[in-house]
Amino acid sequence: MKRRTYLATAGALTLGGCMGFGETDEPRGNDSNSSDPDGNETGNGDGNGNGNGDGNGDGNGNGDGDVPTEAETFDDFEDLSDWQVVSGSATPYTDYSVVGSQSVLLEASEEESQVRIARELDEPLDVTEITPGLAVASHSTVNVGIQLYDETRDKVVYRQRTHGMSIRHVNFGVEYINGDPDLSAVTEIHISIWVGDGTAEAWIDDLHFVPKPDPTVLLQFDGGYESHLTEAMPLLEEYGYSATAFVPPSRLRASEDDEGDRLTADQVAELADAGWTIGSYGAHGNDLTALEGERTPASEIEEAATWLEDEGYDPEYVAYPGGAYNDEAIEAVEANHELGFTGGYPVNGYLTNAALCPRLVHPDGDEAREALETTAELGGITAISFVRFDGGVGELEATLGHVQELEEAGEIEVVTPQDVADEYVL
């Protein structure tokens, strides 16, 4: 793949006259992190926001190679004079960063709906083949948005919902497109945190851009439910696809005669024999940020990884139960797996953080169609995950039908986690 580049660097761009900076952009709520299979709530990570990050994406580039190896830093926030504070506050924070000597602490009070900073560019920026990202830290769950505007005020909004964690790179996806933005000529960049209930606080660093892969789709199933074999697999075979099943080994039934709706180990093997990838959903499929007793994120992740290896499956892929994580969970995933999947938004670029791969979790047919259409239009990676089928497989069938339609038109490609790990991680 030919290396993508973008116009200008942070040092060559300055803030001009500001226009239209008073608007808000409440998230549309489609960053769904599913409830975990045992009823635990998501979004309660307890990271302390005081780490030093993972150091990826330092903006040095990778020379003349065909495949990029790093993100391209656009703004390291060493000089905040290019940014206008629209609402809330933006303060230099020198205690930690991932590039340079400081990050930016963004804060909003209960009276403010969001924190927003804005930068207008002297020269238009071509983002047709790249997508933005940030390093983020927070004490709790926050919705961080990056809005790219053209001169007509049309925009594309990238977003990620992050849980409590120390500062590290985050992969952003497309929340929505407003109007018909000219992505070859972006004139403003806004960064915002939606407050919701209470106050908002987060640290950001390293506004960067990564290339977009060709339109790429992954199909996944969480929780190790029997319906994944009895209902989903025949449907996928009808359309000619395989998928990934993330299973919690300690929840598997010993026999099909046992009560419950989980798979057995033999049924997991049937999925594998049909070409499915088998991944981990933690040992028990419980929220890794709300474990009790002797269970820890490390023990849950390690136990499941050991089971995968003992059963002859590739232990490289895991999904966070319920999409929830904190520093301890991320570190356990990094130590045991190649890719970690969580909740989030579709249409991602090359991954700067392989432990936090976003997914669209159990979308309805309209949400899935919109995500697939945007993927085909813009390029990027979209992972779609399903959980239970309490209401039948109609939404899955609608999604597969649209995947097939776009694939037959040559507009998307369905891939595996191994394909992503081999080709799309920086």
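A residue is called buried when its relative accessible area is under 20%. In this predicted model, buried residues make up 58% of the 426 residues in the chain, which folds into seven helices and 20 strands.

At the start of H5, a side-chain oxygen of Asp364 comes to within 3.1 Å of the backbone nitrogen of Asp366, while just after the helix Gly379 adopts a positive phi of about 85 degrees. The buried residues of H5 are Gly365, Ala368, Ala371, Leu372, Thr374, Thr375, Ala376 and Leu378, and they pack against helix H6 (394-408) as well as strands E10 (173-178), E13 (216-222), E18 (360-361) and E19 (381-386). An α-helix has 3.6 residues a turn, so residues three or four places apart point the same way.

The loop between strand E17 (339-341) and E18 contains Asn348, whose relative accessible area is 2%; because this value is under 20%, Asn348 counts as buried. The side chain of Asn348 reaches two backbone oxygens, that of Phe172 at 3.2 Å and that of Tyr345 at 3.2 Å. When neighbours within four places in sequence are left aside, the residues in contact with Asn348 are Phe172, Gly173, Pro213, Pro358, Gly380 and Ile381.

Notes
Residues are numbered from 1 along each chain as its sequence is written. This is a predicted model: local features need pLDDT of at least 70, side-chain atom pairs count only at pLDDT 80 or more; totals for chains, interfaces and linings use all residues. Side-chain values use heavy atoms; hydrogens and water are left out. Buried means under 20% relative accessible area, exposed over 50%, partly exposed in between (1.4 Å probe, protein chains only). Helices (H or I, at least four residues) and strands (E, at least two) are DSSP runs, numbered from the N terminus. Contact means heavy atoms within 4.5 Å. A polar contact is a pair of N or O atoms within 3.5 Å; within protein, one must be able to donate a hydrogen and the other to accept it, and residues adjacent in sequence count only if both atoms are side-chain atoms.
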